[in-house]
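Student: I would like to go through this model with you. Shall we take a few questions in turn?

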Amino acid sequence: MGIWEQSGHDVRLDWGAEGVAALARECAVLVVVDVLSFSTTTDLVVGRGGRVLPVRWRDERGVALARAAGAVIAGEGTFTLRPSSVTDIPPGTLLALPSPNGATLCDAAASTGAHVLAGCLRNASAVAAKAHELGGPIGVIAAGERWGVNIFGHGDTFGPLRPCVEDQVGAGAIAVALARFGRTLSPEAALAARSVDVAAIADCVSGRELTEAGHGGDVALAAQIDVSEAAPVLHEGVLR
């Protein structure tokens, strides 16, 4: 019956790695949405003529392979996962970008054989247009976060899923844009499309966490909608 695949709809939405596994069974395109911060940082890099190599979180082999390919490793110098760190990144830079959510999901999505895009609020309409061009059905993957993952220290790299406001809003914005092309939305995607409240990002848990840590500028960059024409598509392991 295709219940988990949300069959019968052009645009479907689910969460995290489990969502990738479910939707990839039928979807030709998967859009990974990690607004704070992987997808936003990727948009900024690609928008400036750079490329992003997603690396699974704490994957030492992946980092070594990225370094051998000539990539700059985020976190080892000027550039990090924070959007504000890449606003002046030189064109042509290949940035290896490890993250526990967006990068890890991009890698998982790539293994399914689907076309993979990285979407956020900044490029919602551009990514929707590219996904529509590539065909369908289209699965929108709201990354969410994982309880118990400490990105600043050691410990687990995978815990229970915590859905979060910013990715619901980002996924909804992409769903809205896809609906303009006449694409039908599953109930899950339609609900997200009705909840596009960009102002909520600054005051949600993730937004307040970053602001209280002194990174309010990153939240402001991530909360901008349709200011970018970049539509990062994964090709041979690199978003460009």
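This is a predicted model: local features need pLDDT of at least 70, side-chain atom pairs count only at pLDDT 80 or more; totals for chains, interfaces and linings use all residues.

Student: How many disulfides does the structure hold?
Tutor: A disulfide is a covalent bond between the sulfur atoms of two cysteines. The cut-off for a pair of cysteine sulfur atoms is 2.5 Å. The count for this structure is zero.

Student: Which cysteine sulfur is nearest to that of Cys120, and how far away is it?
Tutor: Cys120 is in no disulfide. A pair would have to lie within 2.5 Å. The nearest cysteine sulfur belongs to Cys106, at 12 Å.

Student: And for Cys164, which cysteine sulfur is nearest?
Tutor: Cys164 is in no disulfide either. The nearest sulfur is 7.3 Å away, and the cut-off is 2.5 Å. That sulfur is the one of Cys204.

Student: Is Cys164 buried or exposed?
Tutor: Its relative accessible area is 5%. Buried means under 20%. So Cys164 is buried.

Student: Which elements give two or more residues to the lining of the second largest pocket?
Tutor: The pocket has about 230 Å³ of space. Its lining has 14 residues, with Leu53, Pro54, Val55, Arg56 and Asp107 nearest the centre. The elements are β3 (51-56), α3 (60-68) and α4 (102-110).

Student: How many residues of that lining are charged?
Tutor: By class, eight lining residues are nonpolar and two are polar. The charged ones number four.

Student: Is Pro163 buried, partly exposed or exposed?
Tutor: Pro163 sits in the loop between β9 (161-162) and α6 (165-179). Its relative accessible area is 46%. Buried needs under 20% and exposed over 50%. Pro163 is therefore partly exposed.

Definitions and conventions: Residues are numbered from 1 along each chain as its sequence is written. Side-chain values use heavy atoms; hydrogens and water are left out. Helices (H or I, at least four residues) and strands (E, at least two) are DSSP runs, numbered from the N terminus. Buried means under 20% relative accessible area, exposed over 50%, partly exposed in between (1.4 Å probe, protein chains only). On a 1 Å grid over the protein atoms alone, a cavity is a set of points where a 1.4 Å probe fits but cannot get out, and a pocket is an open set with protein on both sides within 12 Å along at least five of seven lines; lining residues have an atom within 4 Å of a point. Grid points are joined across faces, edges and corners, and a volume is the space filled by probe spheres set on the points. Ala, Val, Leu, Ile, Met, Phe, Trp, Tyr, Cys and Pro count as nonpolar, Asp, Glu, Lys and Arg as charged, and the others, Gly among them, as polar.
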